[in-house]
Amino acid sequence: MYLIRHYLFTFSVAIFLFLPAIAGAQTWDNLTPVQREALAPLSKEWNTLQTQQQQRLINLAKHYPQLDAVQKQRLHNRLEKWSKLTPEQRNRAREKFQAFSKIPLEKREQVKQMVRQQEAQKLSMPAANSVLTNTP
């Protein structure tokens with residue numbers, strides 16, 4: 001159940017980030033207090049974001065007051081992680097999301113399981129590699 005909510009929330013954040021822009025660019029100072037609170041992890045780079053990105057995030061912030069404390073913290077954590085990604089990493093994440101969206105619902109759990117296994121293998125690889133490189 002937690003995983004389902006986790007993925008639904010992740011996808012809802014991603015969907016909001018992909019919505020088309022409606023209005024022009026806004027400076028950080030022109031945002032409402034609720035928008036600034038919701039988007040606080042992006043405050044340093046807000047004025048450098050493209051208008052379309054700003055509008056997507058403002059749309060996301062509209063739902064912020066309805067979130068409980070855990071969901072707000074989760075949103076902040078994800079926005080902070082997103083803000084630290086390079087433009088290339090963001091593009092790859094968008095591409096992965098779009099590719100995942102095209103997978104039929106009944107096969108998504110299989111794909112998630114495969115990704116988890118691949119990530120677990122990647123995490124175990126550095127330890128194996130360091131043993132090999134440290135061997136005389």
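**Contacts, helices and a buried leucine**

The model is a predicted one, so to speak: local features need a pLDDT of at least 70, side-chain atom pairs count only at pLDDT 80 or more, and totals for chains, interfaces and linings use all residues. Numbering starts from 1 along each chain as its sequence is written, and side-chain values use heavy atoms, with hydrogens and water left out.

Confidence is lowest in helix α1 (residues 2–18), with a mean of 61, and highest in helix α2 (residues 33–38), with 95.

The chain has six helices and zero strands. These elements are DSSP runs numbered from the N terminus, with helices being H or I over at least four residues and strands being E over at least two. Along the sequence, that reads α-α-α-α-α-α.

Two packed helices are described by the angle between their axes and the distance between the axes. Helix α4 (residues 69–84) and helix α5 (residues 87–101) pack at about 125 degrees, their axes 8 Å apart. Axes are lines fitted to C-alpha atoms, for helices over the stretch in contact, and angles run from 0 to 180 degrees between N-to-C directions. The pair α4 and α5 is therefore oblique, the label left over once angles under 35 degrees are called roughly parallel, over 145 roughly antiparallel and 65 to 115 roughly perpendicular. On the α4 side the contact uses W82, S83 and K84, and on the α5 side Q89, R90, A93 and R94.

What about the inside? Buried residues make up 29% of the 136 residues in the chain, where buried means under 20% relative accessible area, exposed over 50% and partly exposed in between (1.4 Å probe, protein chains only). Helix α3 (residues 51–61) is largely enclosed by the rest of the structure, because nine of its eleven residues are buried; among them are L57, I58 and L60.

L42 sits in the loop between α2 and α3 and, at 2% relative accessibility, counts as buried. Leaving out residues up to four places away in sequence, L42 touches L57, L79 and S83. L42 and W82 are 40 residues apart in sequence, yet their C-alpha atoms are 9.0 Å apart in space.

Methods:
pLDDT is the predictor's confidence in each residue, from 0 to 100. Contact means heavy atoms within 4.5 Å.
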